[in-house]
Amino acid sequence: MTTTTDRAVGQPIERLEGQDKVRGTARYAAEYPVGDELAYAWVAQSTVARGTLTGVTVDPLVEADDVIAVLWHGNAPRLSEADDPELAVFQSDEIRYRGQALALVVARTLEAARRAAGLLVVEIDEEPHDCVLRTDHPDLYTPDKVNPAFPSETASGDVDAAFESSPTTIDVTYRTPALHNNPMEPHATTALWDGDDLVLYDSNQHPPGIAAAVGTVFDLPPERVHVITEHVGGGFGSKGSARPNAVLAAMAARVTGRPVRLALPRQALFSMVGHRTPTIQRVRLAASSDGRLTAIDHEAVEHSSRLFEFAEQTVVATRHMYAAPNRRTGHRLVRLDMPTPRWMRAPGEAPGMVALECAMDELAVALRLDPIELRVRNEPSVEPESGVPFSSRHYVECLRRGAERFGWADRDPRPRQRREGDWWIGTGVAGATYPTMAQPSTARARRLSSGDYEVSIAATDLGTGARTILTQIAADALGVPLSQVRVRIGDSTLPKASVAGGSSGSASWGWAVTGACQALRSGDPSSDEAVFDSTELVQQQEKDGKHAFGAHFAEVRVDAVTGEVRVSRLFGMYAAGRILNPRTARSQFLGGMIMGMGMALHEESVLDPAMGVWVNHDLAEYHIPSHADIESIEAEWLDEQDDQINPMGSKGVGEIGIVGSPAAILNAIWHATGVRVRDLPARLDKILPHL
Amino acid sequence: MDLVVNGVEHSLDLDPRTTLLDTLREHLGLTGSKKGCDHGQCGACTVLLDGRRVNSCLILAISQQGASVTTIEGVDHPVQQKFVEHDGFQCGYCTPGQICSAVGMLDEVAKGWPSAIGDEELTDAEIRERMSGNLCRCGAYPNMIPAIREAAGR
């Protein structure tokens, strides 16, 4: 690829909003001044997992001076039905999960709202509940499809015959727990009505989507809902669609006639905004004696809520990772009295690749073959299930180059061989993959009277670097320096953008931005504006065969006395198309890897089956990696050119870091200790008894 | 009650239940200090109270009559520019707390306060240990360490 130094794309440009973020002037959803009439809302949540709400009463003496309204099913305005039943707040007396919003207190002060919500008398007819995912659940079924529109099951060849006739087989079950996104900024909305128009300062990943969903609920066309989302304190999928907080705040603002601010407390994020489903995955692999897979069989069991069928695509990545003549994949779902799962960083790929990539490690051990060599021997020439050629695939190069950079060559394949003091030391590898997607978006480019340019699109920057990257893309497409381009995002009234999700933001928005800027540059010189809608081009595109790949390498040390695991080194090598901004891309890769470390070692939402609640619902007990957990961690990438994906040649970088990195750590734990942890996270109590 | 925030005196009439964090955010319009958990678990609300780093969500404002508070809006320290250069943040929501915490931490080091690590020099391990009260879900930790190290003049 030819790059010249005067091109902005590919340069490590600092984040454009960086100074605002380090000086505290970047505003998030709950931080906009909206006048002295502002009221505060606090949500009262169900304390049972299943039942019927029969009454909400307020002690008239509680915060009498400050409470403005108490909303619940008995008095709330009727709403129109949205696609997501979680948005039908206070529309039914049915309680479908513990933590469901049952009432909302609106008060003049935050303190009054919170106390009054805690003292509401909520009457509930409780019913027995069922919250436990298990492989023998009688209500398990095969969903018609898994997210977003993949077949639940695929099969080709004769898997059972291959298992009968192959010399080496493994049959293992891996479990991943429920996980919670936990962005640092809890979901929040400040809502106000301007006549019949609704203004929402809302923390989300998709302003036009929030405008449409909330508009549907309140019978408003999307253009009557103005969603402002200048800065977002992380989302990781949990802010990808409108959440109940947006509807609750809007409802409260309508009823009280005041602006209303609802910032969910951290604890509410564990039930009201989504989670990653727990999974129980059985993987069977069969191989010939030369290490070629003869069969792959991967099935996931997972849950959804009573309200909504959310079917995570857990084993979809298995359909394109390795060649094998006989293959079967499937998903089984059970609807439980639980909150609805939603997207969490690399939904499907992250838990699915834990099972597949650990199983590959187990197979390599059974075959007495190096785990990298096993993967190389099963590299497919085309996408195995669709037969579509890959637009680009440099998985083997990632494994080989990563092995060089990490220092894999002299590895003793036997476990439990290296001991330094109290520490057992080992290394592990695992593959990474993430689909390369683009979604229709529209952008507008304007030539300003000053000679500068303004480029607008209703995208959001959750910390991905989108604002900066789109500015780079626009500058190159316009053929002007960065300083002449101002990109406007974070507002639903701007040209329609797709969601900041699926690692597709830069591809989707960059495509539209490129189109608009090129149209302005090459169009009628008397016109100072051009708009470009990528819908047609995106829809014409072949969807199969487009993926980013990578390889993760981990070195761990395990304390022989306590079972504590430390990740001494974590290394990722990626082939993710053209890297638009090395500075922000590296941060995305590292951030994904660190969340992967959390998935391997720390993160677990612990269910109390008797209460139907995740008991560790805060940041003291739901452990995420902290400063002290990080030692050496690095991400590198190959130069990969792919002209078939989008005008920039870029693949998404936001999610691939969490795919496979947990498996690399688990495989390294086995290599260090001989202990194979198949039930995440790899807490010390699961390791210590076997040391 | 009276509170000095970033060098400016404020006379406030507060509900006694109001935390220092909510006082800053909801009463003084200083929204740079963030509310991540409201339970002292994440560090996003870290400010300097009479020069020491504290979780402002765990402190009732009324208990700090006459105290001097420095928030991110009042911080002017080399670590801020270093965070930008090293990409020591992504979403930015933990960032004000990380920066206030780093400023307070470097002062603690200068005073010779010990940590669980016990290194005599301000090693990366020391920085990580001393900064571990500030969570970052984006995982910008590896970039914050060189930012803080360089701001400390190492």
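Domain bounds here come from an automatic or database domain assignment. On that basis, chain B of this predicted model splits into domain 1, covering 2-73, and domain 2, covering 78-151. Taken over C-alpha atoms, the centres of domain 1 of chain B and domain 2 of chain B sit 21 Å apart.

Domain 1 of chain B puts 15 residues into the contact, and domain 2 of chain B puts in 14 residues. On the domain 1 side, strand 3 (46-49) and strand 4 (52-55) of chain B each supply at least two residues. Strand 3 of chain B gives the most to that side, with three residues.

Next, a look at a helix pair in chain B. Helix 2 (residues 78-86) and helix 5 (residues 141-151) have axes that come within 8 Å and cross at roughly 145 degrees. The crossing of helix 2 of chain B past helix 5 of chain B is right-handed. Here is who meets whom:

| Helix of chain B | Residues in the contact |
|---|---|
| Helix 2 | B:P78, B:V79, B:K82, B:F83, B:H86 |
| Helix 5 | B:N143, B:M144, B:P146, B:A147, B:I148, B:E150, B:A151 |

Sorted by class, this contact of helix 2 with helix 5 of chain B has eight nonpolar residues, plus two polar and two charged ones.

Definitions and conventions. Residues numbered from 1 in each chain as written. Chains lettered and ligands numbered in written order. Predicted model: local features only at pLDDT ≥ 70, side-chain atom pairs only at ≥ 80, totals over all residues. Contact = placed C-beta atoms within 7 Å. Helix = DSSP H or I, 4+ residues; strand = E, 2+ residues; numbered from the N terminus. Axes fitted to C-alpha atoms, helices over the stretch in contact; angles between N-to-C directions. Left-handed = near helix turned anticlockwise from the far one by under 90°. Nonpolar A, V, L, I, M, F, W, Y, C, P; charged D, E, K, R; others polar.
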